[in-house]
Amino acid sequence: MVNLKSEILNLKSLRSFRMATWLGWQIESNWTDPFLFAVYSIVKPLASALILVVMYGVITSGDFNAPLFSFIFIGNAFYQYVGAVMTGVSWSVIDDREHYRTLKYIYTAPVDYMAYLIGRGIARVLTGSFSVFITISAGVLFLQVPVQLGAIDAPLFLAALAIGIVMLAMMGLVLAGIILLIAHHAGYLGDATAGALYLFSGAIFPLDVLPEFLRPIGYLMPITYWLELLRRSLVGSVAQAFPTLAPFSNAQLLAILIGLTLLFGALSFFAFRWCDRRARERGLIDMVTNH
Amino acid sequence: MTLASAIETQDLGRVYKIRDAKKKERQELVALREANLRVERGELFGLLGPNGAGKTTLIKILTTLLAPTAGWARVAGFDVMREQARVRPLINMVSGGESSGYGLLTVRENLWMFAQFYGIPSAQANQRIKELLEIVKMSDRLNTKSSDLSTGLRQKMNIVRGFMTDPHVVFLDEPTLGLDVGASRDVRAFIRRWVTEDRARTVLLTTHYMVEADELCDRVAIINQGRVLACDTPANLKRRLQRDAIFRIETDRLNGAGIETLRALPGVRSVVHRSGDARDTLEFVLARDEVLGAVINAMEARQIRLLHLDKREPTLEDVFVDLVGRSMAEVEGDAK
Ligand SMILES: Nc1ncnc2c1ncn2[C@@H]1O[C@H](COP(=O)(O)OP(=O)(O)OP(=O)(O)O)[C@@H](O)[C@H]1O
Ligand SMILES: [Mg+2]
């Protein structure tokens, strides 16, 4: 039994993943300056939420009790995971290659590099969760966002969150593959992609606000279903005030999320493998651009 | 399986496509051409060549970092392209002259993490880390954050990382580059000892330093402009020149003039000129001792003052000059 356990823990993918999360966490938690930590994990998320709240307030003349407000607030809060995880996965390539100069040693080790990158991305979930928690708490305390502890569908929430994080890490792999092929710093790619998808995944407004020809993008994005599930698990009925996804049951949404995660996961897997092969052909694995 | 050579390459080649910034057209740069090498288990094998010779390119291919554009290579019996997953657990590599590692982790944590990547149990890894740090005289730095290490110590840590996984084949790209004399000596002694301890272990290292190749390596391949020009034991390589007479002559400052005349004398195989601060050095490889008379006469005729003369045994430097026609320093000077 013990043997089996150590055997499994020692599988290449698993140990790559395990060590990468460990390393990622060491890097994430290495806030030598607590002030900086506070700025990044508390002030920044609260400030960006505040901008949204003010804009909403102006446009709706302060109608904070409308379900739309909860919709926006929760969507925006959880959307922080998108940037955090996708950037976490893809930034690791630059970090290891250019900053720590370890990429070639990791790459030539018996490491499953994809599992490693996913691990580095997942390490960001911990600090990311802190920001999300702070944002949601502020909403509940000061803006009457109707999250009630007793009414939370915890199993649904945890299941959706976990699947969503895996989904985001897999999407981050595509960016990591692209960065592997780009000869200059492209760390902004994670945040840029997160920014671009912000509009198409129902984070701050329901999909039917989008022009008709853009809606299919939103329907194709697993992030859309993920955010919807999180809203439903936290505030139940509020989320169903919008017609876009109302016809679907929770179970159906979960099934769609899993299906799209598998689809995107498979696509990412092959996209990354292709980029990896190209990078090796072009001699880019240990490239240093001297920035 | 156990009978396979440690390293085997067949017509291995690598062409880089480079974009010319001005002309906007793609050019091809041949970094390695038709390399045929075989390194047996238990060997300490050296690749000697000037800047841009293709040494790093060859190491990158063998360590699965870079795809070749021609030929194939096997390491520990496995093809580096098709069987990379089987090659990787058996090899390790270290590049000198760079500081790598996670500055926020301690020396022990850095090394332990890499041991984990190779699936080495923690206890065993910690034991090896302790032993190896002892050998490179870094035991007192076990719990130092690696960002607090000097460049030389970081390089030593990196060397420990390369050997810690008990690889079958270790690739060292200029392992002593940037180290001071004492540290270089320690590292060379360590490499030698590691190979000697177990005849199944193999090292391939690249170097600029003639002495390093000569004194450390069992066999040396001399490489220039992507071509392997010769491959043998240092003694055999030098034996090619044994019949020749090698003289070193120190003179007043020369301004390059007259050297071509000396080179053209019958019986002069090669002349290498080095400028010093106060005096210059000319190294002659002559077909016979008797040619020396003609050389001295020619120098007198051109009023080159002879300050010092000695005869010496051939070195790998002479072998390089014999193969290429110029010294490694001259080849590197031309490239600039
Ligand atoms: N990524 C690359 N793209 C284009 N050309 C390259 C690349 N890497 C190396 N080269 C070229 O290939 C040739 C061989 O380079 P390589 O780094 O293998 O030489 P080397 O023997 O290791 O030299 P050094 O002693 O300077 O390290 C050089 O002309 C170099 O400019
Ligand atoms: Mg090199």
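Predicted model: local features only at pLDDT ≥ 70, side-chain atom pairs only at ≥ 80, totals over all residues.
Colour by accessibility here: A:Glu28 is buried, at a relative accessible area of 14%, while A:Arg124, at 22%, counts as partly exposed.

Next, go to the contact between chains. Select B:Glu98 and A:Lys104, whose side chains meet in a salt bridge of 3.2 Å, N to O. B:Glu98 sits in the loop between strand E7 (91-95) and helix H3 (107-117) of chain B, and A:Lys104 sits in helix H5 (residues 103-107) of chain A, so this pair joins two chains. Are these two residues buried or exposed? B:Glu98 has 15% relative accessibility and counts as buried; A:Lys104 is buried as well, with a relative accessible area of 10%.

The side chains of B:Ser95 and A:Lys104 are joined by a polar contact of 2.8 Å. B:Ser95 is part of strand E7 of chain B and counts as buried, at 6% relative accessibility. A:Lys104 therefore has a salt bridge to B:Glu98 and a polar contact to B:Ser95.

Stay in chain B and select B:Asp252 with B:Arg305. This is another salt bridge between side chains, at 3.4 Å from N to O. Both residues are in loops: B:Asp252 between strand E12 (245-251) and helix H9 (259-264) of chain B, B:Arg305 between helix H10 (291-301) and strand E15 (306-312) of chain B, so the bridge ties together parts 53 residues apart in sequence. B:Asp252 counts as partly exposed at 30% relative accessibility, and B:Arg305 as exposed at 53%.

To put the examples in context, the whole structure holds 31 salt bridges over all chains.

Now centre on ligand 1. How many residues surround ligand 1, and which are the closest? There are 14, and the closest are B:Asn51, B:Gly52, B:Lys55, B:Thr56 and B:Thr57.

- B:Thr57: an N or O atom of the side chain is 2.5 Å from an oxygen atom of ligand 1.
- B:Lys55: an N or O atom of the side chain is 2.8 Å from an oxygen atom of ligand 1.
- B:Ala53: a polar backbone atom is 3.1 Å from an oxygen atom of ligand 1.

Taken alone, ligand 1 exposes 630 Å², of which the protein buries 68%.

Show the cartoon around the ligand. Strand E1 (7-19), strand E2 (26-35) and helix H1 (55-62) of chain B each contribute at least two residues to the shell. Which of the elements gives the most to the shell? H1(B) does, with three residues. By residue class, the shell around ligand 1 holds six nonpolar, six polar and two charged residues.

Select A:Leu50, A:Ile51, A:Val54, A:Met55, A:Val58 and A:Ile59, which form a nonpolar patch on the surface with about 650 Å² of accessible area together. A:Val54, one of these residues, lies in helix H3 (residues 34-59) of chain A. A:Val54 is partly exposed, with a relative accessible area of 48%.

For the last stop, hide the surface and select A:Ala186. This residue lies in the loop between helix H7 (154-181) and helix H8 (188-198) of chain A. A:Ala186 is buried, with a relative accessible area of 0%.

Definitions and conventions
Residues numbered from 1 in each chain as written. Chains lettered and ligands numbered in written order. Heavy atoms only, no water. Near = heavy atom within 4 Å. Polar contact = N/O pair within 3.5 Å; in protein donor to acceptor, adjacent residues only side chain to side chain. Areas by Shrake-Rupley, 256 points an atom, 1.4 Å probe, with all protein chains shown as cover. Helix = DSSP H or I, 4+ residues; strand = E, 2+ residues; numbered from the N terminus. Nonpolar A, V, L, I, M, F, W, Y, C, P; charged D, E, K, R; others polar. Salt bridge = Lys/Arg side-chain N within 4 Å of Asp/Glu carboxyl O. Buried < 20%, exposed > 50% of the residue type's maximum accessible area, 1.4 Å probe, protein only. Patch = residues over 30% accessible without salt bridge, like charges linked within 9 Å, V, L, I, M, F, W, Y side chains within 5 Å.
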